[in-house]
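Consider the fold of a single chain, shown below.

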Amino acid sequence: MAADFVITAPILVGVISFIVAVVSFTAIRSRSKAIKQREVYRQQFRNLDKELQKSNKQLLEVRSVVVGLGQRVSEQQDLIKHLNERISELEQADGDGRLYTRASKMVQLGAGLHELIEECELPKAEAELMMSLQNKLTGKEKIPPLETTPDKRAMTQKTARHRK
């Protein structure tokens with residue numbers, strides 16, 4: 001039995017040494033892989049951190065642009081509101097202008113004096129004036145020549161009397 005033990009002891013020592021070597025080799029290899037994996041994770045973390053910082057900068061830029069656009073939109077809304085108010089004021093102030101425009105169109109279409117007075121609520125003198133102006137513009141009435149000064153008119157009248 002002692003001989004068996006002697007032969008078995010070196011084999012046992014050899015097997016244990018082999019197991020220890022395999023376990024050591026595996027541990028060293030695992031540690032090496034773990035270190036490499038840790039370096040890969042660190043590099044990924046750095047890249048992600050850089051991307052995050054870049055994204056934060058872009059977000060800040062977008063925020064500032066949005067704030068600027070919001071101010072511009074607000075200014076434009078104020079301008080539109082002001083223009084709408086001004087349009088309303090002008091529409092209310094130009095009520096007479098629309099009546100005269102309508103009256104002018106009616107005269108062009110051949111409306112009579114009484115029709116202008118009734119439809120456009122114009123005084124008789126204004127209706128007559130509108131009709132006279134339209135007739136002069138269309139050439140139905142002659143436009144009298146303009147005189148430059150009252151002195152020339154007086155001289156023209158004196159000359160006309162002397163010829164008679």
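The accessible surface of the chain comes to about 14700 Å², and carbon and sulfur atoms account for 61% of that area. Such areas come from the Shrake-Rupley method with a 1.4 Å probe, and for residues only the protein chains shown count as cover. The model is a predicted one, in which local features need pLDDT of at least 70 and side-chain atom pairs count only at pLDDT 80 or more, while totals for chains, interfaces and linings use all residues. Residues are numbered from 1 along each chain as its sequence is written, and side-chain values use heavy atoms, with hydrogens and water left out.

The chain has five helices and zero strands, in the order α-α-α-α-α along the sequence. Helices (H or I, at least four residues) and strands (E, at least two) are DSSP runs, numbered from the N terminus. Of the 164 residues, 7% count as buried; buried means under 20% relative accessible area, exposed over 50%, and partly exposed in between (1.4 Å probe, protein chains only). Among contacts (heavy atoms within 4.5 Å) between residues at least 6 apart in sequence, 20% join residues at least 24 apart.

Two packed helices are described by the angle between their axes and the distance between the axes. For helix α3 (residues 113-120) and helix α4 (residues 124-138), the axes come within 9 Å and cross at roughly 125 degrees. Axes here are lines fitted to C-alpha atoms, for helices over the stretch in contact, and angles run from 0 to 180 degrees between N-to-C directions. The two helices are therefore oblique to each other: angles under 35 degrees count as roughly parallel, over 145 as roughly antiparallel, 65 to 115 as roughly perpendicular and the rest as oblique. On the α3 side, L113, L116 and I117 make the contact, and on the α4 side K124, A127, E128 and M131.

In the loop between α3 and α4 sits E121. E121 is not a glycine, yet has a positive phi of about 55 degrees. Is E121 buried or exposed? With a relative accessible area of 67%, E121 is exposed.

Q134, in helix α4, has a relative accessibility of 13% and therefore counts as buried. Which residues does Q134 touch, leaving aside its neighbours within four places in sequence? Q134 is in contact with S104, V107 and Q108.
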